[in-house]
Amino acid sequence: TTIVRGLRAISDFEIEFQMALMNRKIEPLIETIFFVPPESYSYLSSKLVKEIYMLGGEVTSMVPPIVDRKLKEKFRRR
């Protein structure tokens with residue numbers, strides 16, 4: 001009944017707000033909660049982290065340990 005989303009920039013808000021309204025239209029009991037990250041993480045995105053990882057970069061300082069493990073499982077480096 002609850003969707004949690006992160007907002008990094010104003011442009012994220014426009015897209016996420018539209019999606020939240022559509023979700024509410026489809027299912028009126030759904031609530032969307034928005035969180036704003038600390039400034040030190042506002043530049044991060046899952047796409048950017050995956051790209052850095054796939055190109056051989058180190059992402060352990062950018063993600064929690066569980067995400068680092070899952071990246072290693074999903075994209076086993078050779």
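In which helix do Phe 13 and Phe 17 lie, and how many residues apart are Phe 13 and Phe 17? Both lie in helix α1 (residues 10–26), four residues apart, about one turn of the helix; helices (H or I, at least four residues) and strands (E, at least two) are DSSP runs, numbered from the N terminus. The model is predicted, so that local features need pLDDT of at least 70 and side-chain atom pairs count only at pLDDT 80 or more, while totals for chains, interfaces and linings use all residues. Residues are numbered from 1 along each chain as its sequence is written, and side-chain values use heavy atoms, with hydrogens and water left out.

A search of the whole structure finds two aromatic pairs, where rings of Phe, Tyr and Trp (its six-membered ring) pair if their centres lie within 6.5 Å, and planes under 30 degrees apart count as stacked, over 60 as edge-to-face and the rest as tilted. Because the rings of Phe 13 and Phe 17 have centres 5.3 Å apart and planes at 20°, this pair is stacked. Phe 13, Phe 17 and Phe 34 form one aromatic cluster.

Strand β1 (residues 2–6) and strand β2 (residues 31–35) pair in the parallel sense over five bridges, pairing being assigned if DSSP finds at least two bridges between two strands. The chain crosses from β1 through α1 to β2 in a right-handed β-α-β crossover, meaning that, with the strands pointing away from the viewer, the path from the first strand over the helix to the second runs clockwise. Ala 20, placed in helix α1, touches Thr 32 and Phe 34, not counting residues up to four places away in sequence, contact meaning heavy atoms within 4.5 Å.

With 13% relative accessibility, Ala 20 counts as buried, on a scale where buried means under 20% relative accessible area, exposed over 50% and partly exposed in between (1.4 Å probe, protein chains only).

The count comes to five salt bridges, each a side-chain nitrogen of Lys or Arg within 4 Å of a carboxyl oxygen of Asp or Glu; among them are the following.

| Salt bridge | N to O distance |
|---|---|
| Arg 24 and Glu 31 | 3.6 Å |
| Lys 72 and Asp 68 | 3.0 Å |
| Glu 73 and Lys 70 | 3.6 Å |

Lys 72 and Asp 68 are four residues apart in helix α3 (residues 65–74), about one helical turn; Asp 68 is buried, with a relative accessible area of 10%, whereas Lys 72, at 42% relative accessibility, counts as partly exposed.
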